[in-house]
Amino acid sequence: MEISLRLYQKEVVQVALSGENSIIWLPTGGGKTRAAVYVAKRHLETHPNAKVAVLVNKVHLVDQHYQKEFRPYLGHTVNIVPISGDSQEKDFFGRVVRDSDLVICTAQILENAMINTEEDKHVELTDFTLLIIDECHHTHKDAVYNKIMARYVKGKMEGARNLPQILGLTASPGTGGAKTQEGAVNHVLQICANLDSVIVSTKNYMPELRRVVPRPIKKYDIVDTRLFDPFGDHLKEMMRMIHGYMASGITFREMGTQEYENDVVELEKKGVREENRLLAQCALHLRKYNDALLINDTVRMVDALRLLQDFYRTKSENRMDATDIFLSGLFEENQVELRLLTSDAQNENPKLAQLQRVLVEQFQDRNSRGILFSKTREGTHCLYDWVRANPALQRADIHAAILTGAGNGANHMTQSGQKETISRFRDGDLNLLISTSVAEEGLDIPECNVVVRYGLLTNEIAQQQASGRARATDSVYSVVAQAGGREMRREKTNEYLEELTKIAVTEVQRMEPGKFRRKVNELQRAAVIERYVACKRREEKRKRYNPSQVQFICRSCFTPVAHGDDMRVVNNSQHVNINPDFKNYYKVGGQVHIDRMFEDWEPGRVISCAACGLEWGFEVKLRKVVVLPCLKIKSFSMKTPQGNRTAKQWKEVEFAVEEFDFTEYMSNHLLDLDLD
């Protein structure tokens, strides 16, 4: 199939066609991927031994780019292989790269292949002649894109030859949190340095771009301040009772805010460090009440109550001391009153009434199609239940479905579930997607005539991408927010930051080429030094304690259960306990299901603390032979010679974890097996 580019697309690919590194900046719906397909085609035609890698940051984009863009235009002449986590090809990635012309994969798969030393799996950056990086504004800090490009930049600094050409694609580089022009310019320069690229956009064909990607009509659907909220007031009174029970003299910021959540998160860490179970447990419960307040502020009272009921259903089975009895008793004593308050429609959230008016108005046309963006997975499920139960929305013939990120948690979707939902939306079986940010970026979703952002606090990149989903003629982009509320203020700030991004990009593009190159080189040298220093610090941190000095303690009940020298790491990702006595400390639950296959392991059952019921992780079956407990580090505190520590990720622990040796383990645990 012949690739036909619009004039503005032809303009932005010129730098790439000349063999130079570049970032293509076009709005959502402007055809960045089509432009990249064209560049890839020309590159493969004009470079001997050409090899192209298309990197994406989300699994579902692998298949989408393959099916919708690269295969239709290149598949008849080019050997293209899409590779994602559930592809068999990832297990011999190096061989696949050698045997193909173009691979489409998640960046993590390429990163893993560069680390892996097995010949069939390993690749080098120099194996490729062109790297296309989708959503390249994510090339910053510790993101996987930046890990890959850090190797590129280091190689360049060291005079490496045969590095691939780079082509980045983005709808917005953003300002990186900067609020000033100087800060925004520095951020854009940093993105250019990280990708070793210039940034290009159309200068001569803006009218054509505006016709192809019309801006939606932006509406602020303002909701008056909620005058009466007896349900929320009752929750706050219960929270004050917990404050009193702690008798700690701690001051908290306003309940029902992110700031309050930050306060109780720090309080829980303090309780864990001090092994003060009263503080730690009260903090966990206060966080759940704060979640309920946030839900009450966004959706229905009954949704907030259901969240608390689900939470206390699990807690009632594992009461250990007076703190558990008080906290569970407090909820049980107030549950009837809370239920009564939810039954009074006069107390309901006024934002929902406004959202209903917006949707009914926009769906008067039976051909309407829209996306309703919500902040959390929990929020999407609550909104879905509300839409299904709302008579006015059902009369408007709204057929809704949830679209959230893929994963293995209770509220996550499977990758196949995502594909099915988008397919039904494309075919017209569904006309409203209730989505988290997963639908903002990259997904091939049909043109919508209504996009609603509801209860969202995001940055200017997410705002632009969400707005870009409303591509139909005369489409509407609605912000449902409380008058003077945080969402309203953030939306206005994002409008300013969007303009600031344009100013910053223009200033960078106008820089004299020599000055631009000097600045990029300066930033790259600084980044190489910073990464070297950070690496040395991580190595030192990993050597801080002998593993036998670190005792693992259940984060909920403070029972000592293991030591650091019981731990082993498998495939550089899974951390297992090989001590056979560890099984005395946990109980097993239901089978874990993961929507993909793995080369040398499979998931087993959930494991949780035998004493308090806190979930610790799940079993893994290695090579179909060995079953070992795989632990979540955030379920434990670690007692060290300098006090208790907590970690969100295993890479933060302060001791070295040995690699799991399958042969050694088998010889130690099967005493009659001679492996010498």
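Visitor: At what angle do helix α13 and helix α14 pack, and how far apart are their axes?

Guide: In this predicted model, helix α13 (residues 301-315) packs against helix α14 (residues 322-342) at an angle of about 155°, and their axes are 11 Å apart.

Visitor: Why is α13 called roughly antiparallel to α14?

Guide: Angles over 145 degrees count as roughly antiparallel, and the angle here is about 155°, so α13 is roughly antiparallel to α14. As for handedness, α13 passes α14 in a left-handed crossing.

Visitor: Which residues make the contact, and what classes do they belong to?

Guide: From α13 they include Met301, Val302 and Leu305, while α14 contributes, among them, Leu327, Phe331 and Arg339. By class, the contact of α13 with α14 has nine nonpolar, four polar and two charged residues.

Visitor: How do you know that β5 and β6 are paired?

Guide: Two strands pair if there are at least two bridges between them, and strand β5 (residues 130-133) and strand β6 (residues 165-170) have four bridges, in the parallel sense, so they count as paired. Within this pair, isoleucine 133 stands opposite glycine 168 in β6.

Visitor: What makes β3 and β7 edge strands?

Guide: The open sheet has seven strands in the order β3-β4-β2-β5-β6-β1-β7, with parallel pairing, and β3 (80-83) and β7 (198-200) each pair on one side only. On average, neighbouring strands of this sheet are turned by 20° against each other, direction ignored.

Notes
Residues numbered from 1 in each chain as written. Predicted model: local features only at pLDDT ≥ 70, side-chain atom pairs only at ≥ 80, totals over all residues. Heavy atoms only, no water. Helix = DSSP H or I, 4+ residues; strand = E, 2+ residues; numbered from the N terminus. Axes fitted to C-alpha atoms, helices over the stretch in contact; angles between N-to-C directions. Parallel < 35°, antiparallel > 145°, perpendicular 65-115°, else oblique. Left-handed = near helix turned anticlockwise from the far one by under 90°. Contact = heavy atoms within 4.5 Å. Nonpolar A, V, L, I, M, F, W, Y, C, P; charged D, E, K, R; others polar.
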